[in-house]
Amino acid sequence: DMGAHRQPWYSRGIRQRLLKRATDDGWAEKHRIFVGESEGHQLEGSYSAGLARSIFCLVLPGDGWSSRAEDAAGHLCIPVVVMDRVH
């Protein structure tokens, strides 16, 4: 859930801005960077398969912390945390 239909405070607005930039700038076509379900680019396979195919996986805030960082690491995907005051 990239927060496209959520309140502006959801994920501190990070997910919404990232989805907008990825869609507006054509990241999927230019760089093969897929963010959510942007512009009709539905990734094939399950969430787990997507992580396993990826080198880097974003760990973004949402309603709170979840197991995303653990999911990424468990699939040998390097977790990239995008959040202020997280070390």
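Where in the protein chain is confidence lowest, and where is it highest? Confidence is lowest in helix 1, at a mean of 85, and highest in strand 2, at 89. The legends below describe a predicted model.

**Figure 1. Overview of the predicted chain.** The protein chain holds 4 helices and 2 strands. From the N terminus, the elements follow the order α-α-α-β-α-β. Of the 87 residues, 30% are buried. The chain exposes about 6,400 Å², and carbon and sulfur atoms supply 55% of that area. Among contacts between residues at least 6 apart in sequence, 28% join residues at least 24 apart. The average pLDDT of the chain is 79, and 77% of the residues score at least 70. Where pLDDT is low, the predicted coordinates should not be read in detail.

**Figure 2. Helix 1 and its buried residues.** The buried residues of helix 1 are Ile14, Arg15, Gln16, Leu18, Leu19 and Ala22. Two of the names on that list, Arg15 and Gln16, belong to an arginine and a glutamine. The cover over these buried residues includes helix 2, strand 1 and helix 4. Helix 1 spans residues 14-24. After helix 1 comes glycine 26, with a positive phi near 65°.

**Figure 3. The largest nonpolar core.** Seven residues make up this core: Ile14, Leu18, Leu19, Ala22, Trp27, Val35 and Leu60. Helix 1 gives the most to the core, with 4 residues. Tryptophan 27 is another member of the core. Leaving aside neighbours within four places in sequence, tryptophan 27 is in contact with Leu18, Arg21, Ala22, Arg32, Ile33 and Val35. Among these partners, Leu18, Ala22 and Val35 also belong to the core.

Figure 4. The structure holds 2 salt bridges. An α-helix has 3.6 residues a turn, so residues three or four places apart point the same way. Lysine 20 is exposed, because its relative accessible area of 53% is over 50%. Arginine 21 forms a salt bridge with aspartate 25, with the closest N and O atoms 3.1 Å apart. Aspartate 25 is partly exposed, at 29% relative accessibility. Arginine 21 is also one of the contacts of tryptophan 27.

**Figure 5. The disulfide between cysteine 57 and cysteine 77.** The model has 1 disulfide. The sulfur atoms of cysteine 57 and cysteine 77 lie 1.9 Å apart. This pair links distant parts of the chain, 20 residues apart. Cysteine 57 sits in strand 1, residues 56-59, while cysteine 77 sits in the loop between helix 4 and strand 2. A disulfide is a covalent bond between the sulfur atoms of two cysteines. The torsion about the S-S bond is about 110°, so the disulfide is right-handed. Are these two cysteines buried or exposed? Cysteine 57 is buried, because its relative accessible area of 8% is under 20%. Cysteine 77 is buried too, at 2% relative accessibility.

Figure 6. Arginine 32 is found in the loop between helix 2 (27-31) and helix 3 (47-53). Its phi is near 55°, a positive value in a residue other than glycine. Arginine 32 is exposed, with a relative accessible area of 65%. Arginine 32 is also among the contacts of tryptophan 27. Leucine 76 lies in the loop between helix 4 (68-74) and strand 2 (78-81). Leucine 76 is not a glycine, yet its phi is positive, about 60°. At 76% relative accessibility, leucine 76 counts as exposed.

**Figure 7. Arginine 6 and glutamine 16.** Arginine 6 is found in the segment before helix 1. Arginine 6 is partly exposed, with a relative accessible area of 35%. How far apart in space are arginine 6 and glutamine 16, C-alpha to C-alpha? The two are 8.6 Å apart in space and 10 residues apart in sequence. Glutamine 16 is one of the buried residues of helix 1.

Terms used: Residues are numbered from 1 along each chain as its sequence is written. This is a predicted model: local features need pLDDT of at least 70, side-chain atom pairs count only at pLDDT 80 or more; totals for chains, interfaces and linings use all residues. Side-chain values use heavy atoms; hydrogens and water are left out. Buried means under 20% relative accessible area, exposed over 50%, partly exposed in between (1.4 Å probe, protein chains only). A disulfide is a pair of cysteine sulfur atoms within 2.5 Å. Contact means heavy atoms within 4.5 Å. Accessible areas come from the Shrake-Rupley method with a 1.4 Å probe; for residues, only the protein chains shown count as cover. A nonpolar core is a set of buried Ala, Val, Leu, Ile, Met, Phe, Trp, Tyr and Cys residues joined through side-chain atoms within 4.5 Å. pLDDT is the predictor's confidence in each residue, from 0 to 100. A salt bridge is a side-chain nitrogen of Lys or Arg within 4 Å of a carboxyl oxygen of Asp or Glu.
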